[in-house]
Amino acid sequence: MARVAKKKKLTVAMIEFSRSRDIPFNRIRLSDSNVRETDVEAGLDDLTHDIDRREDIVQGLNVRAVLDARGNETGDFETPAGGRRYRAIARLVEAGRFPAEGLVPCLVKKANAKTSAVDDSLAENMLRLALHPLDQFKAFKRMVDGGMTKDEIADAYRTTPRYITQRLRLACVSPTLLDIYARNEMPLAMLEAFTVNPDHARQEQVWESLQHSYNRQPWHVRQLLTQTTVPSDEKRVRFVGVDAYQAAGGIMLRDLFSDGDGGSLEDVALLDRLVSDKLKTIADEVAAEGWKWIAVDVNLPYGYDNGHRALTGSFVDLTDEERAARDALRDEQERLENEYADYDELPDEIDQRLGEIECDLADFEKRPVVYDPAEIARAGVFISIDRNGELVVDRGYVRPEDEPVATVDGEGDETEVGAEGAAAGTGGEAQRAVITIGGQPAESEEEDEDDGVKPLPERLVIELTAHRTLALQDALANNPHVAMTALLHRMVMERYHYSAPTGCLEIFVRQKYFSAQGSDLNDSPSAKAINERYDAWKSDLPSDEAAVWDWIAALDDASRMALLAHCVSYGVNALYERPNPYSGTGVSQHGLDLRLAGADRVARATGFDMVVDAGWRPTVENYLGRVTKTRILAAIHEGAGERAAQLIDHLKKADMAKEAERLLADTGWLPEPLRLVDLDGETANGEAEGDDTALPEFLAGDDDTGGFEEGHHLVAAE
């Protein structure tokens, strides 16, 4: 019987690395085999600084023993790989920071090395991989989180604190966009553009919109992220000042990657309130002069004084002190001009002084104007802001209806009588000027106590409708049948009525961005339910995008309908936004009307209730502390009854709001923006639905607290 030969097992030679040891620096020299021969001094300042500040080296030298003629080691070594580190250490030796005989960690190449010194040097320089910029951003952030300051990091890496601040800002961009950048699907310049707005949801929304746009330039990204903000060089900002805006709690958005960018103001409603308050204060001061009316407007229209008679006043004479100061300035100006008349170019300090003198002399020419008190009593003042943010006070204009009328008494004497019948220039109780801001009566300090019902502040309505939008999204996601109806309705309208955006099935699924929202929105039951449902579906989705189609196809009908409802729900938009009458960006008036009808349609179809389903309750923070006492009492009257309203009508506003929160807690009362429109011909405030020009009560009129302008309607989903 033949024997079967056993196969001999092959032995694989194991790798043995070279050993490390510490070698005195004065026993090491540069090798002629080092391949780096061009710009060998480039970057050495930074490397030397780094070794000096950390008092250590991050990577040792790669050295080979120097042999004598017989092939024996001499005790000296040369470094073919590590020439820059060697030169940096040599600089520290020369500066007295490191001893010449100091020990340097080295990797000593083994005697039987298979590669040459040139090979080692080339490999060290060619095979190393530069750090991805994203890793640098994150590393800087980890160092700051670890306790280092921006200045310390900048000093360590020989750069500026501004550079570190920029990188830290990049590290704070949405993780979704950072992942896209890490995959090299977005250039650095575009990532920089996304830092202008810190809101991650808004960043992701803009990125998604770019996928359907031909314009993907960084400047366009900045424009989209700041389109609802106000630049810092705008005249309203110059008028009140950025410091005042920030002191009032306003948020600034700054572009760290644009030179000279002063930032933009995010809270436009706050800015407008500050402007209005400052103009109102100035108007009150001017009104104390005795004028009949004060017209305040941020933008006075062209020809605002047409039809008015301009008063002719007289300038106030200079006092003796003012004349002496003016003469001294003129003498100094003449002396300096004569002294430097032969100079081709004035010294900087002389040129500056002459400019100051010119400004001071010009101020003497701007003398106050004095008017006849009788004329002041029938005339008014226009107050505005010019393009540079400077205050404009234009006094002395008489309206045609205020012109005096000559009458003849029984004795044949003529007497001038004002338009309201009072004799011009007669004594009596001083009149109180009527102040209007933007064409609407200004709010007085006592106005909160009156019986008038003012419009709701615009920001409050935006926040309330943000609650409604999120709640409607949750309601629709829980009703697949209605979600399918809504989707088919949109597609049918687009195909047969052309009232939806056209294109190649441009039906997008994106999360709605709320530019203004209450602090309680994130913790609302609707927000929590939407987030939990999103996370649940995300955990089930395959990580491979190519497998998503097959995964959806394999779902049972109930799961497919639930997923459809979840995705369609993100398209609900019941948010208020001020309509843009000039088209372009924003929404048109017609678009707002469609939202109103659509939101109510979805609410009725799902049986949605803001109290039961969304858990909304009126609180001091989300409503009661931000409206007038009249509205608080009206809410109590509607929700808790007239008796409850009478019990608190004597309280101060702050106490009234707290007590109202308790009384309305379990009543189910809702403010107008959260109510459904009555289909029986009446709107939420009782106005006839057929009258297109009639506004709901809470939108009617305007005031300096941010009420809506005439002609604006509430918003609802499209």
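Trainee: Which residues are buried in α22?
Mentor: In α22 the buried ones are Gly591, Leu592, Arg595, Gly598, Ala599, Asp600, Val602, Ala603 and Thr606. Buried means under 20% relative accessible area, exposed means over 50%, and partly exposed is in between, with a 1.4 Å probe and protein chains only.

Trainee: Before we go on, what do I need to know about the model?
Mentor: This is a predicted model: local features need pLDDT of at least 70, side-chain atom pairs count only at pLDDT 80 or more, and totals for chains, interfaces and linings use all residues. Residues are numbered from 1 along each chain as its sequence is written, and side-chain values use heavy atoms, with hydrogens and water left out.

Trainee: Back to α22, how far does it reach from its first C-alpha to its last?
Mentor: It covers residues 589–606, which is 18 residues, and reaches 26 Å, close to the 26 Å expected at 1.5 Å a residue. The expected span is 1.5 Å times one less than the number of residues. Just after α22, Gly607 has a positive phi of about 70 degrees.

Trainee: How many helices and strands does the protein chain have?
Mentor: There are 25 helices and 18 strands in the protein chain. They are DSSP runs numbered from the N terminus: H or I over at least four residues for helices, E over at least two for strands. The chain has 718 residues, of which 37% count as buried.

Trainee: And what about contacts between residues at least 6 apart in sequence?
Mentor: Of those contacts in the protein chain, 70% join residues at least 24 apart. Contact means heavy atoms within 4.5 Å.

Trainee: New topic: at what angle do α7 and α9 cross?
Mentor: Helix α7 (residues 175–182) and helix α9 (residues 200–210) cross at roughly 45 degrees, and their axes come within 9 Å. That makes α7 oblique to α9. Angles under 35 degrees count as roughly parallel, over 145 as roughly antiparallel, 65 to 115 as roughly perpendicular and the rest as oblique. The axes are lines fitted to C-alpha atoms, for helices over the stretch in contact, and the angles run from 0 to 180 degrees between N-to-C directions.

Trainee: Which residues make the contact?
Mentor: From α7 it's Pro175, Thr176, Leu177 and Ile180, and from α9 it's His200, Gln203, Glu204 and Trp207. By class, this contact of α7 with α9 has 4 nonpolar, 3 polar and 1 charged residues. Here Ala, Val, Leu, Ile, Met, Phe, Trp, Tyr, Cys and Pro count as nonpolar, Asp, Glu, Lys and Arg as charged, and the others, Gly among them, as polar.

Trainee: Where is Ser526 found, and is it buried or exposed?
Mentor: Ser526 is in helix α19 (residues 525–540), and it counts as buried because its relative accessibility is 3%. Leaving aside neighbours within four places in sequence, Ser526 contacts Leu470, Ala471, Asp474 and Ala614. Ser526 and Arg468 are 58 residues apart in sequence, yet 9.3 Å apart C-alpha to C-alpha.

Trainee: What about Asp402?
Mentor: Asp402 sits in the loop between β14 (391–398) and β15 (405–408). At 7% relative accessibility, Asp402 is buried too.

Trainee: I also noticed Glu55. What is its phi near?
Mentor: Phi of Glu55 is near 50 degrees, a positive value in a residue other than glycine. Glu55 lies in the loop between α1 (44–54) and β3 (61–67), and with a relative accessible area of 63% it is exposed. Arg158 has a positive phi as well, near 55 degrees, in the loop between α5 (150–156) and α6 (161–171).

Trainee: Last one: how many disulfides?
Mentor: The count is 0 disulfides, a disulfide being a pair of cysteine sulfur atoms within 2.5 Å. Cys172 counts as partly exposed at 43% relative accessibility, and Cys359 as partly exposed at 49%.
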